[in-house]
Amino acid sequence: MSAPTRTEIGRPLDRLDGRAKVTGGARYSAEFTPPGTAHAVLIGAEIPSGSVTSIDASDALAAEGVFAVLSHLNMPKIAAEPHLIPSIAGTTAHAQSFFPMQDATVHYAGQPVAMVIANTLERAQHAATLVRIGYREERAITTIEEGRAQAYEAERIFGGFIPGRAERGDVAAGLDQAEARIDRTYHLAANHHNPIEPSATTAVWDDARLTLYDATQGPTATRLTVAELLGVPPSNVRVISDYVGGSFGSKAMIWHHPALAAFAAQHVRAPVKLALTREQMFHSCGHREEQEHRVVLGARRDGTLTAMRHHKLSPTSHFDDWAEPSLNAASQIYACPNYEGVYRLFKANTMTPTFMRGPGEASGVFGMETAMDELAYELDIDPMELRLRNHADVDPESGNPWSSKGLKECYARGAELFGWADRDPRPGTRREGNWLIGTGMASAIYPVYLAMNPQRARARVYADGHAVIESGAADFGTGVGTIMGQVAADALGVSTDVVAVHYGDTELPNTVAAVGSAGSGAVSAAVHTAATALRDQLIAQAVADARSPLHGVDPASVVVRDGRMMLRDQPDTGETYAELLQRNMMFDADALGAWNPPGPDTGHGMATFGAQFAKVAVDPDLGLVRVRHLTGVFAPGRVLNRKTARSQLMGGMLWGVGQALLEATHMEPQYGRWGNASMGDYLLPVNADAPDVDIEMIEVEDRVVNPLGVKGVGEIGLVGVSAAIANAVFHATGQRFHDLPITIENVI
């Protein structure tokens, strides 16, 4: 049947949830306080390795308002051992293969060893200080330097989804053929997410039914994971996540606190709220692990790459082989016949690391793109020209064609916007007063992840002409709710003004957790399928209705505009959805749509591409680095909303400033715990650090990834920024920096 005229997709509409958020009307998970709510406070281990030898909770239990103190001595046993599975799989999404308070073993500092439940938050916090815990401490390993000698090559990483080694061709032979070689080691500090809203869960039991108000990227993932841990049917668990105050990956996997809140509520027979403190966010929701990357590049004099070797070393937990997939996308940027990527891990006294925006790409591309810049200077080739000479016309890993690309267009447009052609390539030659001025660039890539199960949505049209679209997806600041309304309006042929959007509830049709820039593609595909099915259903009903002006016509000749079904060639002949429903005494009509993602072997390479450019000013006397300008051009397939997409890309690019110059979580090896676990000590960019930012999007048609050709922009904005900045700092100073962040101490 004929599709309606496209009017809504791509429009730069304001966020549907914007007014509620700026006026304080939005209610977050920690703000749900049912009558009789008790408050739970976690007590974290004070040692990084060893065991709990004693727990004296007598003073805490005697304190006013205290209901219980739970620990491994009296905590219910979980019904199933957790197994780490990335949330994109659409099943359970345990963040680590460990659940606390099941025995006395301490694996990492801050690990929950007890939980106090009281009738007010203040009383629970006070009682937590009264619990006396004894420990037997053992030697801990927490940093790369401590664990290097124990490193091993991982068989698989990322929950078992990615091999620990990838090879093509013969790297040794490729290096022998090389006329120029770069061999560099890069170090990246550990990072933490720090969303505005710390994680929180309110658990409410109603007989055998459990409702969780949870701050999560995936309500269904929370439901399935908690149900498995508690040993209850998933149908008995409802998860509501109306508003989520940011995540960046910290709420992508399901950590221990939702299940702990449920256990606590079951124990005290009352609703229980468990809200993490800012400090607890540093040891309760994962992090981007400390990393060391060794990159070896070989090339001919004309710049053609002959070999790429990329080895990564990083700490993982005692119970999971986890590493960011830093090597995978970096290996696909350039055409090179010989490649070797290896992940090496060592067991450390840390929780399992997790997704963090650009998980793997932000780190791996930094190493690869800085090495490419070094190679460009070694060969005296313009850095962008070197990248063009090694452009991958097909996916280097598989040899398959790309589903869509657009990278060359991104280079060209980015260079034009940024003024790259006017650049003097000689380092340290441009000054403005005491400031050294430099420019740099880098490629950006992010893989297209596809959901592994059907994605569903429901569309409904009422007899008054209004419509509703429903999906269980969570909107954690990305604008998913807004694009749901746009896609539904577009498919139904109505204005977004008459479309209401419902999301963030497991009672609604299921969609996968919005992770890995896959949320917009999965949700929009489900919404498009549902709304299209409903539109075609109503057209078919009109064609079959003897009283309709459209009776007996070919359904393919009918289009819909402004809620009115009409003949394409005779627009005066037709009727509205409302007229059809009212005449047939129908209150509404609805349709459930299910989109089945293509399997893993689509016969195409699938990724989003972009180009990043940076201008910096460096004060060599004070060691200050100021980013003055960023330009990013991206090819994300079809753009659903230019305003929210630009906002996502800008957020990622500004995060790149933090990754390059500020963000580092410092481990105190003597104590085995993070030394700057607060917003006062963990440095983030603020408004004064924000440069001018230019962003453009080049739409490329993609008929493979999903029905609308949407590839997502949540991560790609961050990828490559730190490399572009580091390359610009070199151009300004003539000094290379191989460690992130680049600090004042480094520059001086």
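Me: How are H8 and H15 oriented to each other, and why?
Reply: In this predicted model, helix H8 (residues 361-379) and helix H15 (residues 721-733) pack at an angle of about 30°, with axes 8 Å apart. They are therefore roughly parallel to each other. Angles under 35 degrees count as roughly parallel, over 145 as roughly antiparallel, 65 to 115 as roughly perpendicular and the rest as oblique. Axes are lines fitted to C-alpha atoms, for helices over the stretch in contact, and angles run from 0 to 180 degrees between N-to-C directions.

Me: Which residues of H8 and H15 make the contact?
Reply: H8 contributes Ala 362, Val 365, Phe 366, Glu 369, Thr 370, Asp 373 and Tyr 377. From H15 come Ser 722, Ala 723, Ala 726, Asn 727, Phe 730 and His 731. Contact means heavy atoms within 4.5 Å.

Me: What numbering and confidence rules apply?
Reply: Residues are numbered from 1 along each chain as its sequence is written, and side-chain values use heavy atoms, with hydrogens and water left out. As the model is predicted, local features need pLDDT of at least 70 and side-chain atom pairs count only at pLDDT 80 or more, whereas totals for chains, interfaces and linings use all residues.

Me: Which strands does H15 lie across?
Reply: H15 lies across S20, S28 and S29, running at about 155° to S20. Helices (H or I, at least four residues) and strands (E, at least two) are DSSP runs, numbered from the N terminus.

Me: What is the strand order in the sheet with S20, S28 and S29?
Reply: The order is S19-S20-S28-S29-S32, an open sheet of five strands with mixed pairing. Strand S19 (431-432) and strand S32 (692-697) stand at the edges, each with a single partner strand, so one side of each has no neighbour in the sheet. Two strands pair if DSSP finds at least two bridges between them.

Me: And what stands opposite Arg 431?
Reply: Leu 436 in S20 does. Two bridges join S19 to strand S20 (residues 435-447), and these strands run antiparallel.

Me: Where does H14 lie?
Reply: Helix H14 (residues 642-661) lies across strand S28 (607-619), strand S29 (624-635) and S32, at about 130° to S32.

Me: Is Cys 285 buried or exposed?
Reply: Cys 285 is buried, because its relative accessible area is 1%. Cys 410 is also buried, at 0%. Buried means under 20% relative accessible area, exposed over 50%, partly exposed in between (1.4 Å probe, protein chains only).
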